[in-house]
Amino acid sequence: MINQQLAELSNLAIVVTIVLYVLALIGFGADLSSSSQRRSDARLAAQERKEAQEREMSPASVGASGAEAEGATAVGGTAVAARPGAASAGSAGSGAGGSDSLAPGTAGTRTAGEAPAASGGMSAQRFAFLLASAATVLHLIGVITRALATQRVPWANMYEFATTSTAIVMVAFLAFSVRRTELRALGTFVVGPVLLVLLLAQTFWIVPAAELTPSLQNSHWIYIHIGVAVVATALSILGAVVASMQLFQAKHERVLAERAATEDFPEHWGRFGHVLDRLPSSSSLEALSFRIHSVAFVCWTFTLIFGAIWAREAWGRFWGWDPKEVWTFIIWVIYAAYLHARATGGFRGSRAAGLALAGFVAVVFNYTIVNTVINGLHSYSGLG
Amino acid sequence: MSEKNPRPDHGVRTDDAERPGTGPDEASGSGTGPSESGSWSSKPEVDGKRAAVPSLGLRGTLLFLWRQLTSMQTALVLLMLLAVAAIPGSLYPQRSVNPALTEQFLEENGRWGEVLDALGFFEVFSSPWFSAIYLLLFISLIGCIVPRVGVHLRQLRAKPPRTPSRLTRFTGYTRLELPGAQADSLIETAHRSLRRSRYRAEVREEKAGRSVSAERGLLRETGNLLFHIALVGVLVCNAGGTLTSYRGQVTVVEGGGFANSLTQYDSFESGAWFDENDMPDFRFTLEDFRATYVQPGEAGRVGEPRSFEADVQVTTPGQEQESRTLQVNKPLHVPGASMYLLGNGYAPEITVTDPEGTVVAEGPLITVPMGDINYTSQVVLKAPDAQPEQTAVVGFFLPTGTIDEQGPRSLYPDALDPQLALTVYQGDLGLDSGVPQNAYEVDLTTLTQVPGEDGDPVLIRLYPGQEYSLADGTTVSFDGLKRFAAFDIVHNPFERWILISALVAVGGLILSLFVPRRRLWVRVREQGGTTVLEVAGLARSDDPALADDVKALASRLSEVHDGQRLPDAAPSGHPEADASGGPREGSAQ
Ligand code: HEM
């Protein structure tokens with residue numbers, strides 16, 4: 001039996017969630033644009049310090065390996081941002097790498113980096129982050145009440161699949177960026193797509209809470225197969241966000257490096273460039289993207305295998321090239337190609353990221369077009 | 001990360017720190033250099049020399065082609081091709097999935113459809129081009145893993161490679177001067193601590209001191225090889241399944257039965273190696289079929305199905321008769337076959353008598369649902385024995401019927417107001433022409449419609465229990481209603497092996513993605529009156545924790561062996577040094 005009150009509560013929660021995400025998005029956006037100003041200030045200061053330093057001494061470092069130098073920068077950046085209230089100081093973090101060697105072991109840079117945020121009260125980013133967290137909690141409540149209202153898993157049609165997988169995207173994003181505060185700058189690019197999917201779900205895919213069709217009943221594979229698919233989809237979304245940031249960042253870094261030869265304060269892509277300046281380097285984004293995609297790939301593999309087992313129980317064959325099966329196969333093969341590309345000379349880096357994005361396009365196609373336009377056995381979208 | 005450890009494509013995969021002379025650092029000239037390099041023995045090098053001969057010749061050309069095929073770039077291109085080639089398989093109706101849709105497409109698209117058909121776009125997954133891609137891919141895969149298996153087996157037995165002579169350029173390089181430390185005990189502790197962290201560690205004597213060379217994560221490559229081999233397993237078992245499996249469809253009306261033999265199937269397909277004698281001897285009767293649908297006022301779309309249940313009495317040899325209920329996700333498994341409930345419909349009981357008064361058709365007639373949610377079903381009844389002319393009755397069965405401007409149609413899937421809307425034809429049914437006929441189709445063009453008693457063309461509308469007489473004396477009656485269920489009976493002896501291969505593949509995949517593979521070196525030298533400790537590592541995979549682990553090891557070792565405090569404490573062992581001092585397991589977080 002469907003509990004209509006709970007179902008309405010769930011709908012309401014999702015609508016309010018959407019509103020909160022809009023606000024969070026505005027917050028993240030405001031943070032991005034305000035970062036422009038701070039960034040130029042910080043850059044200027046860092047530049048001056050650096051010049052002073054170069055006059056004084058040549059850089060000394062403990063380890064000679066390039067890896068170490070890079071590691072030190074990354075660690076430094078995290079340390080700066082991890083201080084409470086210092087989230088907005090991320091921009092100073094990139095400058096801090098230079099000044100660290102100036103005054104090794106002192107906290108001087110850190111305090112300096114913190115100052116603007118502390119004086120400005122709650123920063124836009126922190127505000128947006130808290131809003132996004134609150135929205136995510138409400139989002140989860142919406143998903144859970146839907147499950148309670150229908151007394152089953154909340155992923156039996158497109159609407160439910162969309163609300164649940166976006167909730168997981170948000171939870172994963174929050175989990176990633178609770179510690180690594182520099183990732184919070186990605187907020188716009190995560191909340192944006194999540195909001196888009198939720199709006200689509202709310203306008204085009206929404207169906208009333210209802211019981212299951214026979215093909216989804218009596219099977220524990222609905223928990224396993226679709227559950228894993230929800231996670232796989234969520235990871236693909238996150239992975240695509242990181243991979244596209246990696247691509248932009250790589251391009252940005254290249255241009256900046258070229259211009260650095262001739263200009264003192266190289267600029268590229270204006271405001272967006274300033275956002276990129278605050279994000280981790282393209283190589284650490286690439287590492288993050290790889291980690292997300294490798295988990296995603298394992299999840300897709302399980303989705304495929306569990307789907308096949310279920311297909312055998314439900315339809316009497318484990319594989320029949322139904323459109324949904326074809327596209328899951330395509331997704332799997334593209335992501336496999338991505339993993340191979342990373343290990344292949346000449347394809348590493350940006351080209352591999354391109355493959356990851358191609359995989360994501362396949363994920364989107366599989367979810368939208370295959371569910372609604374192409375007819376197959378998997379027509380459980382719940383849309384007429 | 002990968003920039004720091006560029007891994008060459010595996011066609012020419014080199015093992016930098018392992019093979020003297022190719023590492024990032026020239027290893028000291030002594031030791032097992034040549035033999036190790038020989039033991040690597042991989043075909044890339046051997047082939048490389050041959051292929052380098054200016055004129056390749058046939059053999060050279062073949063080797064060259066083989067090397068191209070088994071290179072990573074080729075695998076990459078083939079993978080992408082495979083993905084692209086699969087796309088039309090989802091856009092065009094596939095014969096193997098839904099032949100009726102394919103025919104419809106062909107009719108609607110004329111010449112264009114024929115071209116696509118000739119190119120195999122309606123059988124993408126068995127088309128020559130699709131098969132070529134995946135066969136090449138798998139040949140490439142095999143060509144790639146066979147040599148890697150050999151190398152890996154040797155590596156598993158080999159000792160960790162020698163410590164490079166200069167460690168400075170490796171990850172996390174740390175150099176500490178420990179004036180009071182004892183070189184030997186330092187090495188001992190390092191060795192023990194690394195072993196305890198599950199490194200394969202080896203103490204090496206060197207000219208100016210000693211070093212520990214350690215390695216872990218060979219499981220990564222093991223997993224990777226397992227993964228690829230298991231993929232071949234999936235393909236091979238799949239082929240085996242195609243050759244030996246069978247699948248048949250049966251339609252059974254309530255009260256009717258089925259015994260598993262070829263003649264009883266409506267349709268049947270099997271692989272080339274299928275042996276009819278392997279079909280298990282089982283039989284069943286369909287006792288009852290029930291369906292429920294969303295009723296007006298309930299949540300969901302009215303008429304959408306909510307449950308299908310088929311009660312069957314099954315008899316298998318050597319077992320008692322058994323009552324079972326099949327549902328959509330609850331198939332019946334008997335040894336050697338599985339039976340799935342995949343379809344259902346209505347079977348109205350219709351009696352037809354010809355003008356001479358002979359009963360020419362009687363009993364439940366399977367009708368074909370036309371695909372709408374409300375089970376508007378097609379009726380085709382052929383009475384070839386009717387006199388003076390053969391007779392066909394065609395029309396519709398409507399579980400909850402209406403006839404309006406749109407024609408006869410059903411408003412709800414359940415049999416709330418069952419009725420038949422029929423027309424009777426007479427003429428030559430063409431059954432003797434020798435051309436096989438579909439029982440559910442009849443060609444009306446050669447037949448003439450039988451008028452009603454008033455001489456006008458008539459659409460007979462019948463409710464259960466009613467009878468209708470036509471002008472010539474033919475009568476049609478609707479005596480009752482039953483339901484039928486459609487079952488697929490299938491068996492694929494390789495299914496289990498495909499599943500096992502697939503699970504082994506994921507297992508290998510997980511190992512190959514998440515086990516970090518790395519080397520660690522600790523070197524201790526007496527230099528200018530003090531003891532110098534050097535520690536460094538080399539990541540052979542994404543391994544963000546390596547630098548930290550190297551440093552942690554170095555600082556642990558220096559703490560334990562700080563000459564000032566504990567000149568000779570090492571041999572007795574320091575548990576805390578191992579507990580926290582060994583490099584962490586460094587999983588890629
Ligand atoms: C059926 C097609 C194939 C699939 C689905 C597939 C899938 C995968 C996956 C998922 C990985 C793990 C990613 C990684 O460790 O980097 C992998 C790794 C690898 N594959 Fe394949 N593979 C296929 C064909 C091939 C072929 C044809 C070759 C040889 C030419 C090959 C060589 C490798 C190698 C060397 C690695 C390890 C890469 C490394 O980490 O160094 N694979 N493969």
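**Figure 1. Octahedral iron site in the predicted model.** The protein donors are A:His340 (NE2) and B:His228 (NE2). They lie 1.9 to 2.0 Å from the iron atom. The pair crosses between chains: A:His340 sits in helix α11 (residues 323–342) of chain A, and B:His228 in helix α9 (residues 218–244) of chain B. Both histidines, A:His340 and B:His228, are buried.

**Figure 2. The interface of chain B and chain A.** The two chains bury about 5,400 Å² between them. Carbon and sulfur atoms account for 67% of that area. On the chain B side, B:Leu76, B:Arg306 and B:Asn329 lose the most area to chain A. Together these three make up 12% of what that side buries. The contact draws 68 residues from chain B and 65 residues from chain A.

**Figure 3. A salt bridge between B:Glu495 and A:Arg312.** Their side chains meet at 2.5 Å, N to O. Across the interface of chain B and chain A, the rule finds 1 salt bridge. Over all chains, the whole structure holds 31 salt bridges.

**Figure 4. B:Glu123 and B:Arg95 bridge two loops of chain B.** The side chains meet in a salt bridge of 2.7 Å, N to O. B:Glu123 lies in the loop between α6 (99–118) and α7 (128–157), and B:Arg95 in the loop between α5 (88–91) and α6, so the pair ties together parts that are 28 residues apart in sequence. B:Glu123 is partly exposed, at 30% relative accessible area. B:Arg95 is also partly exposed, at 22%.

**Figure 5. Strand-to-strand salt bridge of B:Arg290 and B:Asp311.** The closest N and O atoms are 2.7 Å apart. B:Arg290 belongs to strand β7 (residues 283–293) and B:Asp311 to strand β8 (residues 305–315), so the pair ties together parts that are 21 residues apart in sequence. B:Arg290 counts as partly exposed at 31% relative accessibility. B:Asp311, at 18%, counts as buried.

**Figure 6. The salt bridge of B:Arg306 and B:Glu304.** Here the closest N and O atoms are 3.7 Å apart. Both B:Arg306 and B:Glu304 are buried. B:Arg306 is also one of the chain B residues that lose the most area to chain A.

Note on methods: Residues numbered from 1 in each chain as written. Chains lettered and ligands numbered in written order. Predicted model: local features only at pLDDT ≥ 70, side-chain atom pairs only at ≥ 80, totals over all residues. Heavy atoms only, no water. Donors = N, O, S within 2.8 Å, 3.2 Å for Na, K, Ca; no water. Tetrahedral: all angles 85-135°; square planar, octahedral: opposite > 155°, others 65-115°. Helix = DSSP H or I, 4+ residues; strand = E, 2+ residues; numbered from the N terminus. Buried < 20%, exposed > 50% of the residue type's maximum accessible area, 1.4 Å probe, protein only. Contact = heavy atoms within 4.5 Å. Buried area = accessible area lost by both parts, 1.4 Å probe. Salt bridge = Lys/Arg side-chain N within 4 Å of Asp/Glu carboxyl O.
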